[in-house]
Amino acid sequence: MRTCSCLSLFIWTSMLHVVDLTPLQERMNKYLQKERTLSLSEDHGKILHRIKRGWMWNQFFLLEEYTGTDTQYVGKLHTDQDKGDGNLKYILTGDGAGSLFIIDENTGDIHAAKKLDREEKSLYVLRAKAIDRKTGRQVEPESEFIIKIHDINDNEPKFTKDLYTASVPEMSGVGTSVIQVMATDADDANYGNSAKIVYSILQGQPYFSVDPESGVIKTALPDMSRENREQYQVVIQAKDMGGQMGGLSGTTTVNITLTDVNNNPPRFPQSTYQFSSPESVTLGTPLGRIKANDPDVGENAEMEYSLVAGDGSDMFDIITDKDTQEGIITIKKQLDFEKKILYTLKVEVGNTHPDPRFRHLGPFKDTAVLKISVEDVDEPPVFSKTFYLIEVDEDVKEGSIIGQVIAYDPDAIKNLIKYSVDRHTDMDRIFNIHSANGSIFTLKPLDREAYPWHNITITATEINNPKQSSHIPVFIRILDINDHAPEFAKYYETFVCENAKPGQLIQTISVMDKDDPPRGHKFFFEPVPEFPLNPNFTIVDNKDNTAGILTRKDGYSRHKMSTYLLPILIFDNDYPIQSSTGTLTIRVCACDNQGNMQSCNAEALILSAGLSTGALIAILLCILILLILVVLFTALKRQRKKEPLIISKDDVRDNIVTYNDEGGGEEDTQAFDIGTLRNPEAREDSKLRRDVIPETIFQIRRTTPLWENIDVQDFIHRRLKENDSDPSAPPYDSLATYAYEGNDSIADSLSSLESLTVDGNQDYDYLSDWGPRFKKLADMYGGDDSDRD
């Protein structure tokens with residue numbers, strides 16, 4: 001390897017030496033220019049002399065992937081300042097210095113410590129300098145040099161993909177591009193043929209070929225058919241060294257699919273198709289399916305079916321199922337076995353998306369024959385019409401035939417038919433039908449005014465097969481007969497003013513008639529024959545089905561006649577003429593000057609002399625208000641309840657109410673038993689006090705009976721003393737029970753109501769001595785601010 005390094009010695013003396021076209025040359029030129037500038041500035045324009053450069057070193061080249069046992073020698077650094085005495089020291093810095101490249105600091109020899117790979121790094125830039133060992137001074141300026149790695153063919157070509165997928169339309173011409181494959185080589189393309197790639201096809205011939213330089217795959221055979229073969233696998237090789245012997249190679253696989261084109265017409269697999277259908281099948285029912293074969297796929301295989309000829313084109317139809325590409329034969333009109341039992345049709349199929357490039361292959365259509373046979377079935381009876389309309393007069397007699405329905409058996413057997421009325425449509429059984437001939441007749445009288453229309457259903461049933469039946473609606477219209485007399489359209493409340501003048505219109509009447517004559521109504525008005533000339537009123541026919549009632553005299557009186565009855569004869573002009581008499585009730589009323597009614601009662605004349613209508617209304621309202629007030633007052637008084645003697649322990653009203661009773665005197669026999677007071681011995685010891693409710697928890701303490709007839713006053717004082725000393729007696733019963741004031745009583749009034757009129761404050765402290773029951777009363781009346789409160 002040392003002999004192959006081609007060492008060159010470069011000595012910088014009086015001229016520059018150009019070493020390759022590398023950045024090193026540019027940096028050296030800049031450095032020299034800088035030195036010249038410094039020299040020029042130092043000499044102040046004097047003649048410059050070129051400085052002699054002392055470096056002597058080589059430009060180095062190495063081969064990659066060195067496999068020797070020793071380290072690979074790169075080159076040697078040397079300067080003319082080196083006298084060989086070991087005073088100089090060489091130092092190397094830059095890319096890989098110390099790890100990849102090692103320098104002998106005494107001799108300047110450079111060695112590669114490791115195997116180098118050009119594909120990882122092809123160029124190393126290093127810097128070298130020489131230093132005096134004793135002084136540490138740099139004897140030469142630091143200089144830069146390059147180590148280049150020469151390439152060897154150690155990398156095979158690699159494709160960008162391991163597997164390619166491509167497609168090309170079938171029937172394509174020779175040379176149609178399919179896809180381009182591409183391989184890369186990591187070797188140096190500028191050094192030798194290591195990276196020069198040539199493509200070749202290893203598998204896929206003779207259907208496809210590949211361009212050796214570009215890698216474009218093309219078709220090699222004409223008119224390749226997808227229907228014959230759809231998938232192809234092609235193997236492509238890429239070889240370096242220009243495809244020569246010894247070159248490295250790589251391969252890839254390309255899966256090529258032939259896409260479909262519409263180059264095949266649809267074809268029926270058979271020339272004739274046979275179907276059968278019952279004659280009773282409903283319209284639109286599918287009878288069968290046919291399908292033509294088309295080797296194409298997708299939209300190229302889409303087909304359309306049509307009927308182009310035959311004796312049943314109007315009876316049948318064919319539609320295309322877009323999902324299955326089948327032709328569906330359907331019923332277009334109702335079949336009838338008795339009319340035709342076999343139909344022959346011609347059906348055509350064609351592609352919906354033909355390709356113009358393949359028209360030369362022939363018409364992309366095909367035809368076949370359809371034969372459809374009709375099967376006989378037992379059909380229900382058929383009516384001669386889809387519905388029947390019958391008109392009949394309302395005065396038709398019961399049992400009269402009003403119409404007829406006709407049905408027949410469409411089958412060849414011609415079974416007998418029987419008829420019946422669906423009673424769900426004739427609940428009142430007004431009509432019936434003869435089961436043999438279908439004649440409809442009435443069972444009850446008809447009334448147009450009640451039911452102008454009758455809608456019934458007639459059923460026709462085969463006698464031999466009752467399951468076969470048909471239904472038909474029959475609409476019966478009742479024609480009008482003039483069988484109703486006209487009458488007043490409404491009830492008229494007619495009045496005439498007392499001050500009416502002759503010829504004054506007081507009422508316009510109209511009439512109504514339940515009949516409905518075809519030429520419309522026409523009514524006439526006349527007085528009844530019994531009273532042809534009425535002295536009070538006149539009937540005037542307005543010739544428009546109304547009549548006016550006019551006054552015939554001057555003034556009417558309520559005292560003489562308050563109500564008039566006017567009979568009116570009304571008749572129509574239809575046949576037979578119907579007439580009726582209507583009576584109009586006319587009241588005599590008092591009216592104002594404008595003819596407005598004020599009063600129609602004779603009793604109202606008494607009040608009208610002194611009071612007006614407004615005054616009478618006001619008086620009535622006042623009386624009504626007074627009555628309401630009286631009723632409310634009475635109701636409130638009844639609802640008022642007597643307050644209980646004791647409501648609460650803290651209620652201040654209990655004690656006051658207890659002693660607020662003065663009694664009614666000797667004549668009051670309801671509150672107290674006077675006889676008991678007069679004769680104490682006559683009382684019953686077991687009788688409870690009348691002013692205490694039976695549920696009370698306190699009981700009257702029994703006292704010693706009085707065996708002597710003592711004075712009533714003394715009797716009261718003793719009872720007061722007994723109850724005052726009784727701790728269990730309520731504080732409200734004693735005075736209320738014995739508050740009696742008799743004749744010549746020295747006790748005066750015991751009522752506490754008069755205590756309010758006493759001037760000055762009273763001392764109620766003694767109430768506290770009566771026990772805890774009177775303490776509340778003492779606090780209420782004994783306080784200083786009780787009067788103010």
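Tyr305 is buried, with a relative accessible area of 3%; buried means under 20% relative accessible area, exposed over 50%, and partly exposed in between, for a 1.4 Å probe and protein chains only. Phe268 is likewise buried, at 9%. The model is predicted, so local features need pLDDT of at least 70 and side-chain atom pairs count only at pLDDT 80 or more, while totals for chains, interfaces and linings use all residues. Residues are numbered from 1 along each chain as its sequence is written, and side-chain values use heavy atoms, with hydrogens and water left out.

The structure holds 13 aromatic pairs. Rings of Phe, Tyr and Trp (its six-membered ring) pair if their centres lie within 6.5 Å; planes under 30 degrees apart count as stacked, over 60 as edge-to-face and the rest as tilted. Phe268 and Tyr305 form a tilted pair, because their ring centres are 6.2 Å apart and their planes stand at 50 degrees. This pair links distant parts of the chain, 37 residues apart: Phe268 is in the loop between strand 18 (249-259) and strand 19 (272-278), and Tyr305 is in strand 21 (residues 303-310). Helices (H or I, at least four residues) and strands (E, at least two) are DSSP runs, numbered from the N terminus.

An edge-to-face pair is formed by Phe316 and Tyr343, with 5.2 Å from centre to centre and 75 degrees between the planes. Since Phe316 lies in strand 22 (residues 316-321) and Tyr343 in strand 24 (residues 342-351), the pair ties together parts that are 27 residues apart in sequence. Phe316 is buried at 1% relative accessibility, and Tyr343 is buried at 5%. The ring of Tyr343 also has the charged end of Lys340 over it, 5.4 Å from the ring centre. A charge sits over a ring if NZ of Lys or CZ of Arg is within 6 Å of the ring centre and within 35 degrees of the ring normal.

Tyr207, Phe208 and Tyr232 are linked into a cluster by ring pairs. Arg229 lies over the face of Tyr207, 5.4 Å from the ring centre.

Asn415 is located in the loop between strand 29 (407-408) and strand 30 (417-421). Asn415 is buried, with a relative accessible area of 12%. Leaving aside residues up to four places away in sequence, Asn415 touches Asp378, Asp409, Glu462 and Asn464, where contact means heavy atoms within 4.5 Å.
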